[in-house]
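These are my notebook entries on a structure that I looked up. I set down each point as I went through the model.

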Amino acid sequence: MLSALTGAVSQGILWGVMVLGLFVTYKMLDIADLTVDGSFALGGCVAAVASVSLGLDPLVAILLGMLAGVVAGLVTGLLHTVFDIPAILAGILTQIALWSVNLRVMGKSNTPLLNVDTVFTRISALTGLNQAASAMVVGLVVAAALVAAMYWFFGTEIGSALRATGNNEDMCRALGIDVRVTKLIALALSNGLVGLSGALICQSQKYADIGMGTGAIVIGLAAIVIGEVLGRLTPGKLQAFGSRLTSAVVGSVVYFLIRAIVLQMGLDANDMKLLSAVIVALALVVPTVVERQRQRRSYSKGGER
Amino acid sequence: MLRLTNVSKTFNKGTVNEKLALVGVDLHLEPGDFVTVIGGNGAGKSTLLNAIAGVFPPDSGVIQIDGADVSLLSEHQRARYLGRVFQDPMRGTAADMQIDENLALARRRGEGRGLSWGIGKAERAEYAERLASLDLGLEDRLSSKVGLLSGGQRQALTLLMATLKKPKLLLLDEHTAALDPKTAKKVLELTAQVVERDSLTTLMITHNMNDAIRLGSRLIMMHEGHVIYDVSGEEKRALKVHDLLLKFEEASGGELANDRMLLS
């Protein structure tokens, strides 16, 4: 049980990198970017092929996975910004196309990483930690670096313009911000992080699979809403940008912990996607219903309290 | 400062909904001109402002700002010349961002945006000072989210944002129409103050004929896509609302001025 839980934590942190990517599009731009299912698998497939077939260094393989994600994001971005295809549809098109692309990249539906170095085996060899612990260390370092980098980036002029784009495009245009460019940057950045996460997961589980990204967006949304709820429950209501990013990663860890626990309790792994969907739906529904109830309860005919 | 030469725009060309919004409009603004624009609904006032702002390209004609031909530049490319305040107070500001962040975005209007920090160290003090001049108490709330402000406060902030970096031309599209009378008066006062202080070349659409006469150095009236009346100087100062209504009736062939104009 304990090993299942530590495994879940490290998995949650590595998937948390994907959640950070999704945070950019979903929370900053208010776009549910469906590309991520495809770009997550793409990152994994590219990283797998890079180290198995091309024999590249695991670190290079991960960077290639990330770059592939960036390209996928650019494709969705170009469809959306240059050709005015609605963001959801643009994401679906790229996602579907990536299924074939991923099969082409691997040449088959599954690539095991047998007898090749991964960043995790490297760290294990270096520190003497076991696989799960080194996955956690790598994940923590990467996630912390990314939260810091994103905190910096969204405070810069370009980053501010990007946040403004998600808020008010009319204002952006009036202030000389080309919203096509800011959206392209956001989608590329987001899917780059998703590809990075896919590559990390691929190396930690020691295989890439064509279906590894299926439902990634729902997992990501679940993690974001869990993180938000936890943030709201924390004393001091974590609203600052840095803590919102951190809670997204924490949300991911909690999601995988819940998952590990219910699987231990005997839930069929195939039902996990249903459970994820229910978690997201509940998280979106509950605040609305609570607010409606609160408004009804605070009504009084004569104004008495 | 602004020169429109024979600018035309037709919406839904070739359909039953065809609408001649601008018909061969010639308009020339000298630096420092403060022009109020009046006209009934559908007269082409907003189309005129949007054509200048680059919301859509004109069908024909040339639009020059400060000597540069901007006819085919997109909206964000023209932003370097223009300060804009919209009718809807929600459209001019980013609700989820702080007051100082909004101002910092406006400070960089039309400039390249890089990876330097979004708000410079010295900027906040300057913003506090400029906000204090609005006299709305916003100078103490620099890090409040703009979404927490009232419509009037947001509109005053938008006005400040539009003029923070001195524009070649200030475009005001009925920017007080969505505000209550008292707030509208306050925002108009601020507008007159800032236009006067920075001698801004300004184009202001209004439905209030008293404001159109009282404010600005020149007044134009539009009807069915044409500028039908253009008056400035002594003649403008002597204008009465009654004169404008007569003018409007004359132009529209005896039709009574539309209700919205009568009410104002």
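Which residue takes a positive phi in the hairpin of β4(B) and β5(B)? I found that B:Asp66 does, with phi near 50°, in a hairpin that has two residues between the strands.

**Basis.** I worked from a predicted model, in which local features need pLDDT of at least 70 and side-chain atom pairs count only at pLDDT 80 or more, while totals for chains, interfaces and linings use all residues. Residues are numbered from 1 along each chain as its sequence is written, and chains are lettered from A and ligands numbered from 1 in the order in which they are written. I took helices (H or I, at least four residues) and strands (E, at least two) as DSSP runs, numbered from the N terminus.

**Chain B overall.** I noted ten helices and ten strands in chain B. The radius of gyration of chain B, taken over C-alpha atoms, is 19 Å, close to the 18 Å from the globule rule for 264 residues, so chain B is as compact as a globular protein of that length. That rule is 2.2 Å times the number of residues to the power 0.38. I recorded a box of roughly 60 × 40 × 35 Å, along the principal axes, for the C-alpha atoms of chain B. Of the 264 residues in chain B, 43% are buried; a residue is buried if 20 or more other C-beta atoms, placed from the backbone, lie within 10 Å of its own, exposed if 12 or fewer, and partly exposed in between.

**The sheet of chain B.** I traced an open sheet of four strands in the order β2-β1-β4-β5 of chain B, with antiparallel pairing. Two strands pair if DSSP finds at least two bridges between them. The edge strands are β2 (19-29) and β5 (68-69) of chain B, each pairing on one side only. Seven bridges join β1(B) to β2(B), and B:Leu2 has B:Leu29 as its bridge partner in β2(B). β1(B) and β4(B) share five bridges, and B:Leu4 stands opposite B:Ile63. Between β4(B) and β5(B) I found two bridges, with B:Gln64 opposite B:Asp69. Helix α1 (residues 45-53) of chain B lies across β1, β2 and β4 of chain B, at about 65° to β2(B).

**Two helices of chain A.** The axes of α7(A) and α9(A) come within 9 Å and cross at roughly 100°. I fitted axes as lines to C-alpha atoms, for helices over the stretch in contact, with angles from 0 to 180 degrees between N-to-C directions. The two helices, α7(A) and α9(A), are therefore roughly perpendicular to each other, a term for angles of 65 to 115 degrees. Among the residues that make the contact are A:Ile158 and A:Leu162 of α7(A), and A:Val179 and A:Ile185 of α9(A).

**Contact between the chains.** I recorded 19 residues of chain A in contact with 26 residues of chain B, where contact requires C-beta atoms, placed from the backbone, within 7 Å. α7(A) gives the largest share of the side of chain A that touches chain B, eight residues.

**Further positive phi values.** A:Lys206 has phi near 65° and lies in the loop between α9 and β2 (207-209) of chain A. With 15 C-beta neighbours inside 10 Å, A:Lys206 counts as partly exposed. B:Asp135 has a positive phi of about 65° and is found in the loop between α4 and α5 of chain B. With 12 C-beta neighbours inside 10 Å, B:Asp135 counts as exposed.

Note on methods: Contact = placed C-beta atoms within 7 Å. Parallel < 35°, antiparallel > 145°, perpendicular 65-115°, else oblique.
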